Each structure stands twice: as C-alpha cells, then as structure tokens.
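Biologist: I have not seen this structure before. Could we go through it in questions and answers?

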2 protein chains.
Amino acid sequence: MKKTFTALITGATLAAVAGAAFAEPAKSEDLIKWRQSAYQVLHWNMDRLKANIDSPQYNKDDGIKAANTIAAIANSGMGSLFAAGTETGKGWHPTSVKPAFFTDGKKVGEVAVAFNKEANELAKVAATGDAAAVKAQFGKVGQTCKACHDDFRRKD
Amino acid sequence: MKKTFTALITGATLAAVAGAAFAEPAKSEDLIKWRQSAYQVLHWNMDRLKANIDSPQYNKDDGIKAANTIAAIANSGMGSLFAAGTETGKGWHPTSVKPAFFTDGKKVGEVAVAFNKEANELAKVAATGDAAAVKAQFGKVGQTCKACHDDFRRKD
C-alpha cells in the first residue's frame with residue numbers, strides 16, 4: 001500500500017507504509033467517522049442558515065457560504081462512505097444508521113436524490129439574497145433531512 | 001432563543017426553546033466539533049483524491065467531486081468556528097489548536113488565504129480531468145495544509 005495523504009502530512013506511519021503498490025482502502029472506522037463528520041458539517045450550516053434567516057438582518061454573503069457548503073456535501077458522493085462493512089461499527093460514536101439503509105436501495109436513492117435536488121436549489125436561491133425565498137427553500141431541504149432520518153436513522 | 005435547526009428536526013427541545021427572540025449562539029463544544037468535522041471532510045477528500053491519483057485509471061468524475069468538496073470547505077467560512085472561547089475545550093476530542101492561532105492573526109490570515117487559493121485552483125484543475133495537473137495541484141494544496149499544521153496544530 002502507498003501512504004495515504006494523512007501519512008504524507010504527519011509522517012507518522014511513513015516507515016510502515018512505504019514501498020507497496022496502491023493506496024490502502026479506507027477502514028470502516030474511517031468511513032463511519034467521515035460520514036458522521038459530513039453530517040456535522042451539514043448540521044453546522046443548517047443551524048447557521050437558520051440563525052441567519054431568523055436574525056433581523058439577513059446576511060446574504062453568509063447565507064451563500066452556508067448554502068454552498070450544504071450543496072457541496074450533497075454533491076460530494078457520500079454513498080461511498082456507506083460501503084459494505086459499515087452497517088455497524090463506530091466512528092466518532094457508534095453509527096446510527098438503520099440496517100434498512102443497506103437493503104432498501106430504492107428508497108435510499110429516492111431520499112438521496114430529493115436531498116440533492118433541494119440542496120442544489122438552496123444554493124441557487126441563496127445566490128439571489130432573497131431571505132424569504134431562502135427561508136422557504138431551507139424548509140424544503142429540512143424536509144428531505146427529516147425524511148431520511150425518519151426512515152434510516154435510529155432514535156436511540 | 002429560537003429553536004435551532006436540530007431542535008426543529010428532532011423536536012427534542014421544542015418546549016425548552018419556544019417563544020424567545022433570537023437563535024441561541026452555538027456552544028463552544030459545538031464549534032470545536034464542527035471544525036474537527038470539517039477537517040475530517042477535508043481528510044476524507046484528500047485521501048480519496050490521493051488514492052484516485054495513485055490508481056492506474058484516474059477517475060475524472062470522482063476527482064471533481066473530491067476537489068469541489070475540498071474547495072467548498074475552504075470557502076465555507078470556517079473562521080467563525082474559531083470564535084473566542086474555543087481556544088481550549090473538547091469537540092469530538094480535545095482541540096489540537098495551538099494558542100498562537102488566536103493571537104497571530106496575520107499568519108493565520110496568510111495560511112488561510114493560501115489554502116483557499118490552492119483549493120479553488122484544485123477545483124478548476126480537477127474540472128479538466130488532467131490527472132498529472134491534478135496531482136501537481138494536489139501537492140500544492142497539501143503544502144498549505146502542512147504549513148498550517150506546522151504552525152498551529154499541536155503534535156500531541
């Protein structure tokens with residue numbers, strides 16, 4: 001295996017990884033940690049956009065940054081972070097994903113497409129700076145979050 | 001305080017947060033968790049792009065997704081996640097930031113601008129699908145990561 005980028009940066013495992021042919025596939029623990037991180041980046045930007053919408057003076061520039069970050073995560077290809085072997089396990093914490101996520105591909109596809117569509121629309125609407133339109137579109141994105149949580153995220 | 005987006009989704013703290021005027025400022029613990037998460041999203045996409053560059057068959061579409069996600073995080077306005085009160089504390093884990101990050105604004109600005117510049121250039125280069133050019137630009141982005149780590153991230 002070749003060194004990963006992390007090893008490149010830290011040098012910590014340089015000796016351990018030198019000399020082999022291909023990048024090591026990411027470990028399940030990393031995949032789970034990365035998807036939990038991506039959802040936290042969404043959380044940050046949804047909270048941030050909500051606070052902006054609720055404030056007396058909507059900040060167009062901050063709204064654009066939040067919306068673009070949400071859209072970027074939606075477009076990032078998170079599906080690869082739900083690879084086989086990540087049905088259970090721990091990243092930052094034990095995964096909250098329900099088993100159905102890995103078996104009901106049709107429904108997963110539907111919620112993913114819905115989130116992508118509304119997140120990309122959010123970025124477009126935020127670019128206009130129309131606070132009322134951003135608020136309405138923010139609600140639509142939130143509904144796609146909730147739809148996926150209802151079906152595929154454990155409550156415990 | 002108004003309800004945050006999280007409360008909106010979960011309903012968990014609805015009773016506690018109804019009826020007041022403004023969104024509650026994020027807690028220091030959340031800010032630290034969110035910045036640690038954003039760096040993990042960078043980590044995921046730098047590792048992913050490195051593996052792609054090292055593979056026998058460079059995947060243009062996956063390279064674009066990785067580069068766009070890196071650029072989006074660079075443009076997200078992470079400075080707000082380093083608000084006063086987050087010099088120490090714990091998100092997913094105790095923060096690794098050095099105290100100098102909060103006092104050497106000039107140097108922080110320089111490393112931030114350098115990262116933004118190279119990350120946005122990475123997205124442009126990835127759009128061309130030229131694997132050799134992506135590899136070269138990936139290296140430049142990595143140098144800006146390293147520059148910041150050297151100055152502002154604790155080794156322990």
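Modeller: A term first: a polar contact is a pair of N or O atoms within 3.5 Å, and within protein one must be able to donate a hydrogen and the other to accept it. Keep in mind that this is a predicted model.

Biologist: Which side chain makes a polar contact with the side chain of A:Arg48?

Modeller: A:Arg48 is found in helix H3 of chain A. Setting aside residues up to four places away in sequence, A:Arg48 touches A:Lys65, A:Ala66, B:Ser76 and B:Gly77, among others. The side-chain polar contact, at 3.0 Å, is with A:Asp62.

Biologist: Is A:Arg48 buried or exposed?

Modeller: Buried means under 20% relative accessible area. The relative accessible area of A:Arg48 is 11%, so this residue is buried.

Biologist: How are H3(A) and H3(B) oriented to each other?

Modeller: The axes of helix H3 (residues 28-54) of chain A and helix H3 (residues 28-54) of chain B come within 8 Å and cross at roughly 130 degrees. Their crossing is left-handed. Angles over 145 degrees would count as roughly antiparallel and 65 to 115 as roughly perpendicular. H3(A) and H3(B) are therefore oblique.

Biologist: How many nonpolar residues has the contact of H3(A) with H3(B)?

Modeller: Residues of H3(A) including A:Trp34, A:Val41 and A:Trp44 meet residues of H3(B), among them B:Trp34, B:Val41 and B:Trp44. By class, the contact has six polar and four charged residues, and the nonpolar ones number eight.

Biologist: How many helices does chain A have?

Modeller: From the N terminus on, the elements run α-α-α-α-α-α. Chain A has zero strands, and its helices number six.

Definitions and conventions:
Residues are numbered from 1 along each chain as its sequence is written. Chains are lettered from A and ligands numbered from 1 in the order in which they are written. This is a predicted model: local features need pLDDT of at least 70, side-chain atom pairs count only at pLDDT 80 or more; totals for chains, interfaces and linings use all residues. Side-chain values use heavy atoms; hydrogens and water are left out. Axes are lines fitted to C-alpha atoms, for helices over the stretch in contact, and angles run from 0 to 180 degrees between N-to-C directions. Helices (H or I, at least four residues) and strands (E, at least two) are DSSP runs, numbered from the N terminus. Angles under 35 degrees count as roughly parallel, over 145 as roughly antiparallel, 65 to 115 as roughly perpendicular and the rest as oblique. A crossing is left-handed if the near helix is turned anticlockwise from the far one by less than a right angle, and right-handed if clockwise. Contact means heavy atoms within 4.5 Å. Ala, Val, Leu, Ile, Met, Phe, Trp, Tyr, Cys and Pro count as nonpolar, Asp, Glu, Lys and Arg as charged, and the others, Gly among them, as polar. Buried means under 20% relative accessible area, exposed over 50%, partly exposed in between (1.4 Å probe, protein chains only).
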